[in-house]
Amino acid sequence: MPNPCRLMVNGEIWEGLVDPFETLLEVLRERLDLTGAKQGCSQGECGACTVLVDGNPVMACLMLALEAQNTQIETIESLATQELHPLQIAFVEKGAVQCGFCTPGMVLSAKALIDKNPHFQEQDVRAALAGNHCRCTGYTKIIDAVMSLSTGAKHG
Amino acid sequence: MVKPPDDPRTLHYLNERIIPRNQDCHSDKTAFSVVGKTYPKPDAYEKVTGKARYTADLKRPRCLVGKLLRSTHAHARLVRVDVSKALQIPGVFACVSGSDFGELIGIIPWTKDEPVLAKDVVRYIGEPIAAVAATSESVAQQALACIDVHYEPFTAHFSPEQAMVPDAVLIHSQAPGNASKSVDWEFGEVDSAFARSQVEVSGNFHFEATTHAALETHAVLAEMGADGRLCVWSSTQTPYYLHRELATVLGMPAHQIRVIRPHIGGGFGGKSEPFGHEICAAYLAKQTGRPVKFVFSREETFLTHRGRHAMDMDLRIGYLPDEGLVMDYQALLDGGAYSSYGMITTYYAGTLNAGLYRVPHYRWKSQRVFTNKPPAGPKRGHGTVQPRFAIECLVDQLCEKLGRDPIAFRRELALGPNTETVNGLRIGSSGFVTCLEKSADQSGWYQKFRKMPFGHGIGIAGSWYLSGTNYPINPESNPQSNVQIKADRSGLITLFCGAADIGQGSDAMLRHLLAEELGVDPNRCKVESQDSDICPVDLGSYSSRVTLMAGNAAISAARHLKNQILQVIAQDWHSSTKQLMIADDRVFHLDRPEQSMSFVTALNRAESVLGALGSTGSYNSPNRGGLYRGALVGPSPAYSFTVHIAELEVDLNSGQIKMKRIVAAHDCGRAIHPQLVEGQIEGSVYMGMGEALLERYETAKGLISQPNLLEYKMPTILDVGTIESIIVESPDPDGPYGAKEAGEGPLHAAIPAIANAIYDAIGLRLYQTPFEPGQILKALESGHCYKPGLPRELS
Amino acid sequence: MSYCQPTQLSDLLSCLAHPNARILAGGTDLIPHLQMGLVEDPLLVSLKGLPELKRIEAKPEAIHIGPAVTLQTLIDHKPLREIYPVIGQTLSQIGALQHRQVGTIGGNLCLDTRCSWFNQSAFWRESLGFCLKKGGDICQVAPKSKRCHAVLSCDGAIALAACQARLVLLSRAGKREVSLMEFYRPNGMDHIDLRPGEFIYKILLPHAPPGFQATYFKGRARQSFDFPLLGLAIATQWDGAQRTLSFVLGGVESCLLQVQMQNLDSFLTPEQVQSAIKSCQRLARPMENAFYGPSWRKKMIASFIAQGLQQMNLIQEDAP
């Protein structure tokens, strides 16, 4: 039985009827045409569908749309308005994008890290991105890209 | 002793190809303004903002959902496939089965043995049997459940050994003994060479099957236009081969078909042949008059497979101080249920073995066998990764026996530039020795090898690979790559080429070459490569062919365009074109510094004189290679070279390997776009590391045991350690500005380098991938482990 | 399939009385199960509307942890980190960050047992044969066995049990309290002691006894994503005169396993270490149903115990 659902995505309200089993990923991709979140496995094993829910990285394939109500959902499409986000620039310039399928999720996982801790180190980057598979880059240039935005070691 | 050709067809084929080489691809240019510099990859902006649309992201009005019914039996007669009940379900618009298709499909023209949908027989669990087009996923699922299938099981074979037993049930009636392909060759005098060899090593190696696991699963969308033309969007590395297969199977004129390759979420060889689901989508779209889209689940992509062949290899190598190596090699390939690229794989399983080092005596036997498992096919480093693992491990053993340093020994053995292997592969440039030196320096080899404490190890391995094949899959006399350029009065230069950018960055590479040759800013250049209606044919992204082949075609076309423009300006300036050059977006007169003109002005002037500006360029590879059956697989215009040095720690408590660092030096001839080359090296190292340590496409009763990304263990960012790439440039006369491949060759050496590092750490030789901690721990407990190079009592 | 989001505890209990009720906490385990057709026609009961289940409270007798507290919240919880560092150490090894952000502690404790024959699509199971746990009549891992051998795979339970956590279970029939050890049963099909309509209302964590220390080891192929192939928590107390030791194992049976040693001196003798290893290995029954086989997993018990006791300084260094 379809249930009414109200989501706040990228600052916009979306309302509609969803099946209880419909995941946030399906609603984002099929109803809102936000296809930046990718479907790589549907079981929370690749990270390509990572979006931010209240600022935290979450796999949209593992969250039912109904459960995402009353949260702020951010997808990759919200990151750049007039200008690219510094992370996006870093990914482009450092060559961290190959096939690009992991990129939206990777960028959002990285954003959650840098928003919380601007003094991050390489080990923090690795920990923050350990839920996002990349099959192309060997991770080297992704780490370079994110590290280029670190404000350095924490002092004191 | 090279045997004469035994197949008249082969020779005929060779003689037919008398296309002149495209001389003007080759440039003696040594100073560059764009080549060698890094510009952002043009597609990166779309990708980083989520705007890039992959096949699954595409939406068409009234689109139907396509789904496949798959066999639950590994080997059975299909007594009945009745779709009539499914067709009665509201919302089901079409349902087809094997009887709807006459033609068999297959990438290799001589081994088309795969039905679009299984007919009469199913040969592996997961083989598509029927396809449905319905209004929604759930209706489609419901329809599949209503298809009445009756199986009559046969004996199924799950290993080559089982399939080769005399009188074994045949998987394909035309393949006696279930043999898919065999190769048996001897070059030089193997037995007598062994008899006089100074030292000999041998081993039986097993390379486990692995799969591509590109993050994007297979997907296709097809739609019939109102004009009767078919449009197919597909996640494919080889849009041209798909185009051709669609025309053949659907019986449509090729010009009525348009194939679009949207952004591709990785390929690695897994999307490099036409598949049944692509044909089904087109057929269903034709039948229903509505768009039909298939998006595979992760499990379906695992079932489609075409991954690296599991290979059993017996290898024996002898060392002849004055000559090099003698090698006796046998390989048994587990092919799975269909040929796919298997005929070629069987050749690749041996053809590159007699190179890299001097191997004047080489005996090679490889045999691919059909089994009731998903078809194996080409994965990055196609067929050559497995034997390279065996060879480099044994070369390490040779060094140990001879008391030689592995780098010095490899340097001594290296087959240098402008040489030919005993089986007729001609090598142009080689930077292998430089790769050895640079990787040794950067990794601190001489301070570490045999000098670190027990448990810590460093290991080296080398490899080489081809930059496209001289003889394409399809023996046609048309060029292997074509390019068209349109120059617009706005100043925009657009290059059209069907080369498939699957994420590796071929569009960026082509843009670089275009800008370099024209002397203009890359930002005024654009590459269109997605649409077969507007892009001339390139054969696709496989065999590491694109940089060399499409690259040469691009340079050729750019040069023609430049000449057109310069001829007009030369006339205006009462000068000859030889005195003019274009650089930094301006046309200059070499002898009159005061005379120059902006490129856009020149372009407009040329258009006003000549009319629409455009040019074309093509590439065809040289006819090279031996004159024996099978000699056509392996010859390449140019070969890349790689050295990996792996440093790791064996966890003595668990037997698990902690990767510290892999330094990979790769000779790509010329790094057109260095950042992309590095990306290819780093990604290859990662993929090889996964195969060495974790990944296995393991089957139980013919079905992959764990078709998901939780249990197919791709390394995560926490597992890979540090990967360092070193670009080595040895420009090859056949490459565009000297460039050779970089996308596959940097993978191979990771696996043996890791094996050799494990040996350096604990004195254990490993013969089977992936290197399991259970095996390592058992060895550690047995007390037989030691630090090589030290007396045992000290280690 | 339907969904409800009760906002009162009493409503929750009514929802749970439904025979097909399934609590939807983080969903990281349940949603893949739904995708694979392992759960049929459920009534999904969301805990989102009950903030009281998301609290962590320090009370005089114990720390009370609500079942809907996310794993990441517990990892980041400073007071808890000070008292029981082992809990954060363990939970941070679960899944990946994205799983820990939504996955809850109650969900982790109720994680379904796992098996290579069970965690599969309907197509896969139909092709290779259904198993005892879902749709079949034999255990494919141990065909002669009468029970299911799917494996307890929740790291959280292993560490919490080592900290002697207890659970408050609630249903319309009332409240009851069980120890975490008793909560699990050696039957992969029915491995948790939850009666119909019952759910984990609270996790009670006693204040750490004097001289308490604990550590956790996880056997796995990769440093992220993976479930434990073996999870081992070691906890010890030293009251100034006597030492007790407890080893809790997971990932090698359908339930938790425990070996306890009492009346020990400050340091363990090599014989005592060997005896601990032997006892743990005797209890564990890893099967051929996970990424690395039984032999490696059994060996890792010894390895983890030796490493753990060393790290906790329970083995006296040899005199020079």
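This is a predicted model: local features need pLDDT of at least 70, side-chain atom pairs count only at pLDDT 80 or more; totals for chains, interfaces and linings use all residues.
We can start with the pairing of chains B and C, where 36 residues of chain B are in contact with 25 residues of chain C. Together the two chains bury about 2,600 Å², with carbon and sulfur atoms contributing 58% of that area. Polar links are present as well: 13 residue pairs are in polar contact between chain B and chain C, counting pairs with both residues at pLDDT 80 or more. On the chain B side, helix H9 (298-304), strand E31 (703-704) and helix H21 (773-782) each provide at least two of the residues that touch chain C. H21(B) gives the largest share, five residues. By type, the chain B residues on this side comprise 15 nonpolar, eleven polar and ten charged. Two salt bridges are counted between the chains; C:Lys299 and B:Glu781 meet through their side chains in a salt bridge, at 3.3 Å from N to O.

Turning to chain A, the chain is divided into domain 1 (3-78) and domain 2 (86-147), whose C-alpha centres lie 21 Å apart. Here 18 residues of domain 1 are in contact with 13 residues of domain 2, and about 1,200 Å² is buried between these domains, 62% of it from carbon and sulfur atoms. One salt bridge is found across this interface, and five residue pairs are in polar contact, again with both residues at pLDDT 80 or more. Strands E3 (50-53) and E4 (56-59) of chain A are the elements giving two or more residues to the domain 1 side, and the residues of that side divide into seven nonpolar, eight polar and three charged.

Methods
Residues are numbered from 1 along each chain as its sequence is written. Chains are lettered from A and ligands numbered from 1 in the order in which they are written. Side-chain values use heavy atoms; hydrogens and water are left out. Contact means heavy atoms within 4.5 Å. Buried area is the accessible area (1.4 Å probe) that two parts lose on being put together, summed over both. A salt bridge is a side-chain nitrogen of Lys or Arg within 4 Å of a carboxyl oxygen of Asp or Glu. A polar contact is a pair of N or O atoms within 3.5 Å; within protein, one must be able to donate a hydrogen and the other to accept it, and residues adjacent in sequence count only if both atoms are side-chain atoms. Helices (H or I, at least four residues) and strands (E, at least two) are DSSP runs, numbered from the N terminus. Ala, Val, Leu, Ile, Met, Phe, Trp, Tyr, Cys and Pro count as nonpolar, Asp, Glu, Lys and Arg as charged, and the others, Gly among them, as polar. Domain bounds come from an automatic or database domain assignment.
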